[in-house]
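Hi,

Here is the structure I said I would pass on. Have a look at it first, and my notes on what turned up follow below.

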Amino acid sequence: MSERLRGVVDQLAIQPCDRVLEIGCGQGVAATMVCQLLSTGTLTAIDRSTKMVEAATRRNAVHVASGRAEFLIASLEDMNLGDRRFDLVFAVRVGSFHREPERAHDLLRPWLAPGARVRSFFDVPV
């Protein structure tokens, strides 16, 4: 597992009951780490790439089967999450959070639970 993503997940201070939204889940590596910290909480993860969502779903099949995780094909701009609300939203290397952070946060607003935390991480790939 990626030490960089382990550091990110450690900084999220995930509570076992958190409802978590990951923007840009890629192959689902961070999602696996998040799900391991949840007991009654859930993870919804989105990515605009069908290929990435399929890979993340395979990687996290046990969490999907348990109902703890779901992976959806969507972008931040077009996601429709219905009446879901999240305690924690995070994104790693998602350009819009780096280039237009206010706009990215505005797009998240409809899905934030009261007191929700939003964290974004952007570093240059090594």
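A word on terms before the strands: two strands pair if DSSP finds at least two bridges between them. Helices (H or I, at least four residues) and strands (E, at least two) are DSSP runs, numbered from the N terminus. Please keep in mind that this is a predicted model, where local features need pLDDT of at least 70 and side-chain atom pairs count only at pLDDT 80 or more, while totals for chains, interfaces and linings use all residues. Residues are numbered from 1 along each chain as its sequence is written, and side-chain values use heavy atoms, with hydrogens and water left out.

Let's start with strand E1 (residues 19-23). E1 pairs with E2 in the parallel sense over 5 bridges, and with E4, also in the parallel sense, over 4 bridges. Of the 5 residues of E1, 4 are buried (under 20% relative accessible area, with exposed meaning over 50% and partly exposed in between, using a 1.4 Å probe and protein chains only), so the strand is largely enclosed by the rest of the structure. E1, H2 and E2 also make a right-handed β-α-β unit (right-handed if, with the strands pointing away from the viewer, the path from the first strand over the helix to the second runs clockwise).

Next, the charges. There are 7 salt bridges in the structure, each being a side-chain nitrogen of Lys or Arg within 4 Å of a carboxyl oxygen of Asp or Glu. Which residues does the Arg48 network join? Salt bridges that share partners link Arg48, Glu77, Glu100 and Arg103 into one network. Here is how that network is put together:

- Arg48 and Glu77 form a salt bridge, with their closest N and O atoms 3.5 Å apart. Arg48 sits in the loop between E2 and helix H3 (50-59) and Glu77 in the loop between strand E3 (69-73) and strand E4 (86-92), so this pair ties together parts that are 29 residues apart in sequence.
- Arg103 and Glu77 form a salt bridge too, the closest N and O atoms being 3.5 Å apart. Arg103 belongs to helix H6 (residues 101-108), so the pair ties together parts that are 26 residues apart in sequence.
- Glu100 and Arg103 meet through their side chains at 4.0 Å, N to O.

As for accessibility, Arg48 counts as exposed at 62%, whereas Glu77 is partly exposed at 36%. Arg103 is partly exposed at 36%, and Glu100 is partly exposed at 38%.

Last, the pockets. On a 1 Å grid over the protein atoms alone, a pocket is an open set of points where a 1.4 Å probe fits, with protein on both sides within 12 Å along at least five of seven lines; lining residues have an atom within 4 Å of a point.

The largest pocket is lined by 14 residues, and Leu5, Gly24, Cys25, Gly26 and Val92 lie nearest its centre. Helix H1 (3-11) and helix H2 (29-37) are the elements that give two or more residues to this lining.

The second largest pocket has a lining that includes Arg48 and Glu77, along with Ile23 and Asp47. Here strand E2 (42-47) and helix H5 (95-99) each give two or more residues.

Cheers
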